[in-house]
Amino acid sequence: MEPAAPMTQPSIIAERLSCVRGDRMLFAGLSLRLSGGEALQLTGPNGVGKSSLMRILAGLLRPLSGDIRREGQTALLDERHALEAHLPLGRALDFWARCDRVPADRMAEVARATGVADLLDVPVRYLSTGQRKRAALARTIAGHAPIWLLDEPLNGLDSASVAMVERLAARHCKQGGICIAASHQPIALPGGHRLDITDFAA
Amino acid sequence: MWLAILRRDLAMLLTGGGRRGGALLPVLFFLSVAILLPFAIGPDASMLARTGGGIVWVAALLASILPLDRLGEPDLEQGFFDQWALRGMAEEWIMAARIAAHWLTFAPLLMLAALPAAALFDLSADQLWRIELGLLAGTPGLAALGVMIAALTAGLRGGAALAGLLLLPMAVPILIFGAGGLQQNGEGGTALAGAVSLLLVAVAPFAAGAAIRAARE
């Protein structure tokens with residue numbers, strides 16, 4: 001892939017976050033601070049609040065208390081892929097390319113890098129779980145957002161695809177980006193930092 | 001990005017987004033109501049001419065309800081609203097695009113379909129003109145109401161069925177003024193339908209946007 005467009009130094013700073021879902025306190029006093037080139041894996045068993053934390057970091061969910069400061073565009077990959085099921089994958093991705101003003105050749109490169117280049121004519125609803133996940137990854141990373149939030153990026157992926165995700169994340173960090181991945185599976189990220197949300201369980 | 005969203009909404013509503021029929025379905029529905037009516041109330045020409053205009057309005061109202069299940073729920077479910085929010089696109093703008101798309105995909109076709117319907121009811125040219133003018137004034141309000149209610153019910157289970165039920169009573173003012181405009185010297189009714197429409201179009205993007213944000217929590 002082409003080197004990413006020059007980024008101003010991105011950063012994401014969260015201070016003393018706490019989160020309530022329903023009437024259950026998921027975590028409290030959680031702080032993190034990442035700047036360009038750094039990566040972090042969020043770990044913890046199901047239901048501990050990984051996805052909620054991701055949505056808080058993305059600004060889609062308000063924390064009960066605490067502050068978030070982000071410098072730089074954020075891209076989120078979660079289980080809602082935002083790809084229209086009835087469209088061929090190529091056209092579903094084109095919609096986001098238009099939204100993000102991504103040129104067609106960049107989209108083609110990203111599709112090759114994520115291994116979906118051969119699937120562009122296939123309607124999204126016929127793709128397998130892993131293929132769909134890779135397609136959503138292409139949608140996530142095509143827009144050159146410096147902050148990647150990947151919620152369970154490895155679900156349904158085969159080992160070759162897992163290596164592909166790790167390679168893309170490593171390159172992204174090398175180019176000065178930030179990558180936060182929530183995963184209960186091991187994922188090799190640059191620096192190997194981990195944050196176990198159970199440590200902050202309320 | 002706004003234009004890309006509008007184009008997508010138009011395509012989704014025209015083709016039905018891979019689900020049941022697209023823009024043609026409400027129109028066929030409208031026409032079949034118009035065709036059924038003479039069978040139901042008999043071939044009395046003066047009776048048909050008197051009730052026809054009102055029936056056109058009821059059919060228009062029902063036709064505007066058909067696409068409601070596509071206006072909020074699927075995009076919330078599939079994460080489109082999340083992704084737009086991440087890109088800094090305000091929900092108000094998104095819902096404004098959606099109102100425009102909803103109106104463009106049901107109202108012009110409906111106004112076209114009112115021509116054969118008027119012929120079936122033996123309506124005079126003057127009455128047809130009043131109906132078309134009234135539809136032009138009232139349908140933007142129906143579109144705005146539809147999007148607003150689709151957004152409000154998006155996060156709920158069984159929201160789509162509820163949406164239709166919720167829309168009907170709220171559409172009563174438009175229906176009264178719109179059908180009132182059909183009478184002799186009824187221009188005031190048409191004007192009021194237009195006023196209600198304007199108000200709804202002005203309020204709906206904000207209400208619908210707030211509803212989508214609330215559904216995300």
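In the domain assignment of chain A, domain 1 covers 10-72 + 146-202 and domain 2 covers 84-144, the bounds coming from an automatic or database domain assignment. The structure is a predicted model, in which local features need pLDDT of at least 70 and side-chain atom pairs count only at pLDDT 80 or more, whereas totals for chains, interfaces and linings use all residues. Residues are numbered from 1 along each chain as its sequence is written, chains are lettered from A and ligands numbered from 1 in the order in which they are written, and side-chain values use heavy atoms, with hydrogens and water left out.

Taken over C-alpha atoms, the centres of domain 1 of chain A and domain 2 of chain A are separated by 23 Å. Their contact (heavy atoms within 4.5 Å) involves 13 residues from domain 1 of chain A and nine residues from domain 2 of chain A. The size of an interface is often given as the accessible area lost when the parts come together. Here the buried area, that is, the accessible area (1.4 Å probe) that two parts lose on being put together, summed over both, is about 880 Å² for domain 1 of chain A and domain 2 of chain A, with 72% of it on carbon and sulfur atoms. Of the area that domain 1 of chain A buries against domain 2 of chain A, 40% is supplied by A:Trp148, A:Met164 and A:Leu168, more than any other three residues.

Between domain 1 of chain A and domain 2 of chain A there are zero salt bridges, a salt bridge being a side-chain nitrogen of Lys or Arg within 4 Å of a carboxyl oxygen of Asp or Glu. Two residue pairs, both at pLDDT 80 or more, are in polar contact across this interface; a polar contact is a pair of N or O atoms within 3.5 Å, where within protein one must be able to donate a hydrogen and the other to accept it, and residues adjacent in sequence count only if both atoms are side-chain atoms. On the side of domain 1 of chain A that touches domain 2 of chain A, strand 6 (147-151) and helix 5 (159-174) of chain A each supply at least two residues, and helix 5 of chain A gives the most, with four residues. Helices (H or I, at least four residues) and strands (E, at least two) are DSSP runs, numbered from the N terminus. By class, this side of domain 1 of chain A has eight nonpolar, three polar and two charged residues, where Ala, Val, Leu, Ile, Met, Phe, Trp, Tyr, Cys and Pro count as nonpolar, Asp, Glu, Lys and Arg as charged, and the others, Gly among them, as polar.

In helix 3 (residues 104-113) of chain A, the buried residues are A:Arg106, A:Met107, A:Glu109, A:Val110 and A:Ala111; buried means under 20% relative accessible area, exposed over 50%, and partly exposed in between (1.4 Å probe, protein chains only). These buried residues of helix 3 of chain A pack against helix 2 (89-99) and helix 4 (129-141) of chain A. A:Gly115, which follows helix 3 of chain A, has a positive phi, near 75°.

Between chain A and chain B, the contact takes 24 residues from chain A and 21 residues from chain B, and about 2000 Å² is buried, 52% of it on carbon and sulfur atoms. The two chains are joined by four salt bridges, and one salt bridge pairs the side chains of B:Arg8 and A:Glu84 (3.1 Å, N to O). Seven residue pairs, both at pLDDT 80 or more, are in polar contact between chain A and chain B. Helix 1 (50-58), strand 5 (74-77) and helix 2 of chain A give two or more residues each to the side of chain A that touches chain B, and the largest share, four residues, comes from helix 2 of chain A. The residues on this side of chain A divide into nine nonpolar, four polar and 11 charged.

Over all chains, the structure holds 18 salt bridges. B:Arg8 also forms a salt bridge with B:Asp75, the closest N and O atoms being 2.8 Å apart. This pair links helix 1 (residues 2-15) of chain B, which holds B:Arg8, with helix 4 (residues 73-77) of chain B, which holds B:Asp75, 67 residues apart. B:Arg8 is buried at 6% relative accessibility, and B:Asp75 is buried with a relative accessible area of 2%.
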